[in-house]
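Trainee: I am new to this structure and would like to go through it step by step. Could we begin with the spaces inside the protein and then turn to the parts around them?

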Amino acid sequence: MSAASTRSRTPDRLCTEAVDLARAAAEEAAAPGVVGEHSGAVSEGDRVVTHFFECKELGYRGWRWAVTVARASRAKNVTLDEVVLLPGPDALLAPEWVPWSERLRPGDMGPGDLLPTDAEDLRLEPGYSGEDEPEPDSAVSSEMAELVEAEDAEVTAGAPAHLPLAPTRGSIAAVAEELGMRRARVLSRYGLHVAADRWEEAFGSKTPMAQAAPATCVSCGFLTPIGGSLGQAFGVCANEFAPADGRVVSLAYGCGGHSEAAVMPKPPRPAPPVVDETKVDAFPLRPSPDSGSVPVTTDADTAELGHS
């Protein structure tokens with residue numbers, strides 16, 4: 001028989017009437033003045049009732065003090081069971097806890113922050129670790145050792161076939177490390193797809209900017225190609241006036257800053273001046289007497305002031 005079927009649907013009368021006992025217990029457990037009005041009682045089972053009181057504590061809007069009282073069989077004294085603070089149906093609750101790895105968003109990292117990567121991260125897979133390096137007496141290892149000997153890169157105590165380990169210099173691991181390929185983990189196929197989807201969503205063909213662009217990035221002179229398999233679908237924008245400057249963009253993306261969208265015509269240049277060197281123009285050394293605004297007069301005393 002389940003616990004629900006053994007509970008009495010009718011609250012016990014003596015337990016229901018023990019409101020003063022429940023209030024005194026709530027006031028003893030809470031701070032003074034935070035226990036409000038009695039808001040009801042609920043039967044928890046045979047001779048077990050929980051009384052609810054409003055909570056006036058700041059920051060606990062909608063919470064209730066729950067005081068559970070009980071009575072033994074054939075007993076008339078009601079005893080206290082427990083006092084707890086519980087959220088009501090309209091209580092203000094804290095948001096559900098989310099692990100930091102799920103709360104983290106792009107741009108949250110700051111200087112000095114460390115972002116640990118899960119050992120089983122699906123975006124990564126083991127890189128070259130040297131475990132598949134050929135044995136010292138194999139043909140590949142012998143050729144490598146002979147090449148190192150010919151270049152005097154490393155002096156060995158004997159023939160490479162008789163050495164316990166292949167020479168470090170010139171080995172596959174050393175060449176991989178020199179080329180920058182000896183990494184503990186590299187992007188997996190899943191990691192490549194996730195990155196491609198993220199870049200396509202930010203700067204892809206379905207964005208409003210690409211829909212209104214006159215042409216796509218595949219024909220733009222500002223597009224800088226990238227290596228690897230992602231280079232078949234993405235590149236880096238190098239137009240300082242474009243909205244995706246320095247960002248990885250899809251080849252199907254586009255904007256108004258396309259290099260061939262609108263070529264600005266050259267401004268018209270004025271015709272060069274024509275100088276006639278075969279004709280001489282005569283210019284007087286002094287202006288003519290009658291060229292001024294004052295009439296010519298021979299008497300300086302009666303002459304009006306002004307320019308002549």
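Trainee: What volume does the largest cavity have?

Mentor: This is a predicted model, in which local features need pLDDT of at least 70, side-chain atom pairs count only at pLDDT 80 or more, and totals for chains, interfaces and linings use all residues. Residues are numbered from 1 along each chain as its sequence is written, and side-chain values use heavy atoms, with hydrogens and water left out. A cavity is a set of points, on a 1 Å grid over the protein atoms alone, where a 1.4 Å probe fits but cannot get out, and a volume is the space filled by probe spheres set on the points, which are joined across faces, edges and corners. The largest cavity has a volume of about 110 Å³.

Trainee: Which residues that line the largest cavity are the closest to its centre?

Mentor: Lining residues have an atom within 4 Å of a point, and by class this lining has 12 nonpolar, 5 polar and no charged residues. Here Ala, Val, Leu, Ile, Met, Phe, Trp, Tyr, Cys and Pro count as nonpolar, Asp, Glu, Lys and Arg as charged, and the others, Gly among them, as polar. Of the 17 lining residues, the closest to the centre are C217, C220, C237, C255 and H258.

Trainee: Which element gives the most to the lining of the largest pocket?

Mentor: A pocket is an open set of points with protein on both sides within 12 Å along at least five of seven lines, and the largest one holds about 660 Å³ of space. Helices (H or I, at least four residues) and strands (E, at least two) are DSSP runs, numbered from the N terminus, and those that give two or more residues to this lining are α4 (100-103) and α7 (189-202). With 6 residues, the element that gives the most is α7.
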